[in-house]
Amino acid sequence: MDSTGSEGAGGAGEGQAAPGREHWSSRAGFVLAAIGSAVGLGNMWRFSYLTAENGGAAFVVLYIAVTLLVGLPVMLAELVVGRGAQRSPVRALVHFGGERWSLLGLVFVAAGFLILAYYSVIAGWTVRYALTILFGGFGPEGLGSAVPGAESGQALGAAMGARFAEIAEGPVAFAYHLAFMACTVGIVAGGVKAGIERTSLVLMPLLFLLVCGLAVYAGTLKGAGAGYAYYLHTDFSEVLSREVLTEAAGQAFFSLSLGMGAILTYGSYLGRDAHLPNSSLMIAGADMGIAFIAGLVVFPMIFALGLSEAVGASTVGALFITLPQAFAQMGGVGRVMGTLFFVVLVFGALTSAISLLEVVVSSSMDGLGWTRRRSALVMGGAIALLGIPAAWSTEVLGVMDGVANNLFLLTGGLALSLFVGWVMPNPLGEAEVGAQGVRWFFLWRFLLRFVVPAVLGFVLLDAIPDTFRSVADLFSAKPG
Ligand code: TRP
């Protein structure tokens, strides 16, 4: 029942599954791994902040619309290409589109390099925060010894800011980044089932329980109501700007792990029986749900401790300065809650980092004929080195993030939607495999052909010049 003409130059022609290709042990395993990829720092870090800054509940509505109309079609497109080709991104695109599409695959791999290099640096901070809070290093005493007068809220905030600056940049930040990369490499080297799937199977349910527990606890704090009110105030006038649409689209792509073949790669380990539309819905639903719940943790805590002033400063600031300050002010309970909160971040970051590395590793296994172990070690090592500039400068890190989001993911998503919408031989047939009776495939193709390119094109026209400007600023700011 191989209805897709494999006229691509890459197909060796032996049906679908390359013999010996690894597969998930169950559909639940795949869905959890994909949720693991999607749920990460983006959920805890940027979603709730963007929501509060851009119209509250109105932003949530916009975000859901963007996810349904743009994110889901692209996710399904990635799954269709990956599952259909049973190959890593470069080979999969060549398989369905011919040699010239290998370029897009290479862009995906490059994006994996770039994103993981700085993502792992941030993940290293979260590990360090979890440990520091656990051992009491951010308690009023811990900080107080560093900065005299830290008992008062303001001085504590200043001390926390100073600590963040210490933690975020330099050799120790690099060391944590290395340790985090080593873990990621170890898991990916373990393989699809024993490494990736097993890790997600353990960590994702734990993460979910912990976030829910933290949200319930945050709700019991006095003053939580003001936090909810800030998070979910409804102002539709704030969402009707191009800037906000750009933010929402960028966030949706990053949060859903779209635009660089991560979901495509995970899809390539699926069997023919998987129901791709349902899986996509589950992944997107879980990702949005956890992002939303994370906001129910963050804002009540910040407001209950009277730290709302500090929220607007920066996204990273809310997570790494204001929240830790809230935990420090809570005393003993704060130590427990703070540790758990950062453990959640570490879990989320790890399962996401795995998927980023897997794109690169599966490509070098397929393309260079390397073993999984060798690919993981060599590519992981190279990415660790690429993280050096990010580990030494949060400014460079910010620019890497902007380039990845605005250039790589959005253009990658645009190119992929055009590919599946217009170039790929029979995407509808491929999508229907394992999903008899779904009637909205034509809607899917319509979205892919017209709506997704239109929205992404509109957003990119705005985002590309901004990104180039930020890169230029970075270089002109440096003497020499
Ligand atoms: N989605 C993850 C997050 O929200 C990050 C991530 C993992 C990612 N894999 C990706 C982003 C692939 C883009 C592409 O933190």
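The model is predicted, so local features need pLDDT of at least 70, side-chain atom pairs count only at pLDDT 80 or more, and totals for chains, interfaces and linings use all residues. Residues are numbered from 1 along each chain as its sequence is written, and side-chain values use heavy atoms, with hydrogens and water left out.

Start with the fold. The protein has 20 helices and zero strands (DSSP runs numbered from the N terminus: H or I of at least four residues for helices, E of at least two for strands). Its radius of gyration is 22 Å, close to the 23 Å of the globule rule for 480 residues, so the protein is as compact as a globular protein of that length. That radius is taken over C-alpha atoms, and the rule is 2.2 Å times the number of residues to the power 0.38. The C-alpha trace spans about 70 × 50 × 50 Å along its principal axes.

Next, packing. Of the 480 residues, 58% count as buried (under 20% relative accessible area; exposed is over 50%, partly exposed in between; 1.4 Å probe, protein chains only). Residues 24 or more positions apart account for 85% of them.

Now the charges. There are 23 positive and 28 negative side chains (Lys and Arg against Asp and Glu, with His and the chain ends not counted). The centres of the two sets lie 8 Å apart, each charge being placed at NZ of Lys, CZ of Arg, CG of Asp or CD of Glu.

Seven salt bridges are counted (a side-chain nitrogen of Lys or Arg within 4 Å of a carboxyl oxygen of Asp or Glu). One of them pairs Glu 22 with Arg 372, with the closest N and O atoms 3.0 Å apart. Glu 22 sits in the segment before α1 (27–38) and Arg 372 in helix α16 (residues 372–386), so the pair ties together parts 350 residues apart in sequence. Glu 22 is partly exposed at 27%. Arg 372 is buried at 10%.

Arg 46 bridges to Asp 401 at 3.1 Å between the closest N and O atoms. Arg 46 lies in helix α2 (residues 41–53) and Asp 401 in helix α18 (residues 394–423), so this pair links parts 355 residues apart in sequence. Arg 46 is buried at 12% relative accessibility, and Asp 401 is buried at 10%.

Asp 466 and Arg 469 also form a salt bridge, with the closest N and O atoms 3.1 Å apart. Both belong to helix α20 (residues 441–477); they are three residues apart, so about one helical turn separates them. Asp 466 is partly exposed at 40%. Elsewhere, salt bridges that share partners join Glu 22, Glu 358 and Arg 372 into one network.

Technical notes: Contact = heavy atoms within 4.5 Å.
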